[in-house]
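Colleague: I am new to reading protein models. Could you take me through some features, one at a time?

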Amino acid sequence: MMETSSCDIAIIGGGIIGASCALALADTGQQVVLIEPQDLASGASKGNAGALAFADILPLASPRIIRQALRWLADPLGPLSLAPSYLLPVAPWLLQLWRASLPDRYPANIRAQVALMQLAQTEMDALLENAGLQSHLHTQGVLEVYEGAHRLQAAQGTAQWRDRYGIEAQVLQGADLAARQPGLAPRFTHGVYIPGWRNVGDPQALGQAIGQCAQSRGVQHLRQSVRWLQASGQGVRLILEDGRLLQAGQVVVAAGAHSRQLAQGVGDRIPLDTERGYNTTLPPDALDLRQQITFSDHGFVVSPLRCGIRVGGAVELAGLRRAPNYQRAQAMLNKAKAFLPDLDTRDGTPWMGFRPSLPDSLPIIARSPRHPAVVYAFGHGHLGLTQSAATARLVRDIITQNTPAIDLHPYRVQRFSLWGKRT
Ligand SMILES: Cc1cc2nc3c(=O)[nH]c(=O)nc-3n(C[C@H](O)[C@H](O)[C@H](O)COP(=O)(O)OP(=O)(O)OC[C@H]3O[C@@H](n4cnc5c(N)ncnc54)[C@H](O)[C@@H]3O)c2cc1C
């Protein structure tokens, strides 16, 4: 007979999403277990760029990205790459991405992103205040830079959406641009500065602090991996890696890019894939960096974090198993050196992380249609840190059966029909 234990709520995955959900559920009077085999925030939540990108409201699945993707794919170490052996497995995801970029879906996806971002701002402030973690944040803004007026003009679509949603942005050139970031290569003649943009000092430290706060409020961290999920009466049975069983009243699946297989355990087929991203973290004094800089046309950012200057981004479609190709991190570092010649590129630490990505650039925050005791909270792609507190608030609303803070319809599981109207 296998050993069985029980809890009210099991959260699978201790990244920024799972840790934030654990904190949000800690004071519900229920017994909460956070299941994570590693230290908290050791996956994608460790090495990201640390941006609270509330202004990033345009889904990646856009009419523009399809054109840009074809251009980027031409460069083997460019911002986007697709492993030839992964073309077949990722084809359905790409088809869904193309579908999401069409005019009958794209504006609705923007509205859904805006609603989540607005909640994300207020909930992040509330979470940090509640946990006493405000010192993890700093507001320095972000500077997007462009090579020529025509490249700035090409990004006008983004500007229009920003204006519509009241996001403050200043267009800069010449001396104003040079003053905003001294040492920028002269090929970058135009920029857009967004002052309200915030960064966290160290994404992993924040994720771990949130997790520790949850533990101090009664959440148990179980260092295990979940092998499989099974419906079991009203609740769910979790089969753990060491063979033990955990019977949970409700389960939150927050295992990032690894969530698809867990959802299959209760019969949900979800088109989750991973956009692998790379970066290099340099010592904090590697550059006098005044704010995050986004090189939009080159697909990477340079971020001033407390843990160092982080140069990274890019998207590699190659699944969860293939070994990292750190040449991609090096390629971005070389470009950063060319664009910011004062950057000292010595003593960097390369990193690769699995962004959990759904094809329409929106997460799933919903009960499973197959089993009401299973709640999904994954698929945040490029924006998981930004949307973590909002996701936790919504998961709490779902679990406690309160009216959700925003309409959850856009984040449901069943939205991925290719043809016809979505249910
Ligand atoms: C290069 C890069 C830059 C980024 N920059 C930003 C940024 O500036 N701002 C932003 O908002 N977002 C950014 N992101 C995206 C962000 O990092 C992710 O969206 C976010 O970290 C996802 O969090 P998560 O908790 O869902 O996943 P993860 O952090 O990957 O956590 C999932 C956890 O689940 C655990 N797990 C997996 N399977 C199981 C199992 N079977 N049982 C138990 N546990 C399991 C894993 O060990 C892991 O710890 C960036 C991502 C990358 C790669």
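Modeller: We will go through the ligand shell, the aromatic pairs and the cysteines.

Modeller: This is a predicted model: local features need pLDDT of at least 70, side-chain atom pairs count only at pLDDT 80 or more, and totals for chains, interfaces and linings use all residues. Residues are numbered from 1 along each chain as its sequence is written, and side-chain values use heavy atoms, with hydrogens and water left out.

Colleague: How many residues surround the ligand?

Modeller: A residue is near a molecule if one of its heavy atoms lies within 4 Å of it. Here 35 residues surround the ligand. The closest are Glu36, Ser45, Val226, Gly381 and Thr386.

Colleague: What classes of residue make up that shell?

Modeller: Ala, Val, Leu, Ile, Met, Phe, Trp, Tyr, Cys and Pro count as nonpolar, Asp, Glu, Lys and Arg as charged, and the others, Gly among them, as polar. The shell has 15 nonpolar, 18 polar and 2 charged residues.

Colleague: Which ligand atom lies 2.8 Å from a backbone N or O atom of Val226?

Modeller: It is a nitrogen atom of the ligand. For Gly381, a backbone N or O atom lies 2.8 Å from a ligand oxygen. The ligand taken alone exposes 1000 Å², and the protein buries 94% of that. Accessible areas come from the Shrake-Rupley method with a 1.4 Å probe; for residues, only the protein chains shown count as cover.

Colleague: How many aromatic pairs does the structure hold?

Modeller: Rings of Phe, Tyr and Trp (its six-membered ring) pair if their centres lie within 6.5 Å; planes under 30 degrees apart count as stacked, over 60 as edge-to-face and the rest as tilted. The structure holds 7 such pairs. Take Tyr278 and Tyr326: their centres are 6.2 Å apart and their planes at 90°, so the pair is edge-to-face. The two residues are 48 apart in the chain.

Colleague: Is Tyr278 buried or exposed?

Modeller: Buried means under 20% relative accessible area, exposed over 50%, partly exposed in between (1.4 Å probe, protein chains only). Tyr278 is at 1%, so it counts as buried. Tyr326, at 37%, counts as partly exposed.

Colleague: How many disulfides are there?

Modeller: A disulfide is a covalent bond between the sulfur atoms of two cysteines. The rule asks for a pair of cysteine sulfur atoms within 2.5 Å. The count is 0.

Notes: A polar contact is a pair of N or O atoms within 3.5 Å; within protein, one must be able to donate a hydrogen and the other to accept it, and residues adjacent in sequence count only if both atoms are side-chain atoms. Helices (H or I, at least four residues) and strands (E, at least two) are DSSP runs, numbered from the N terminus.
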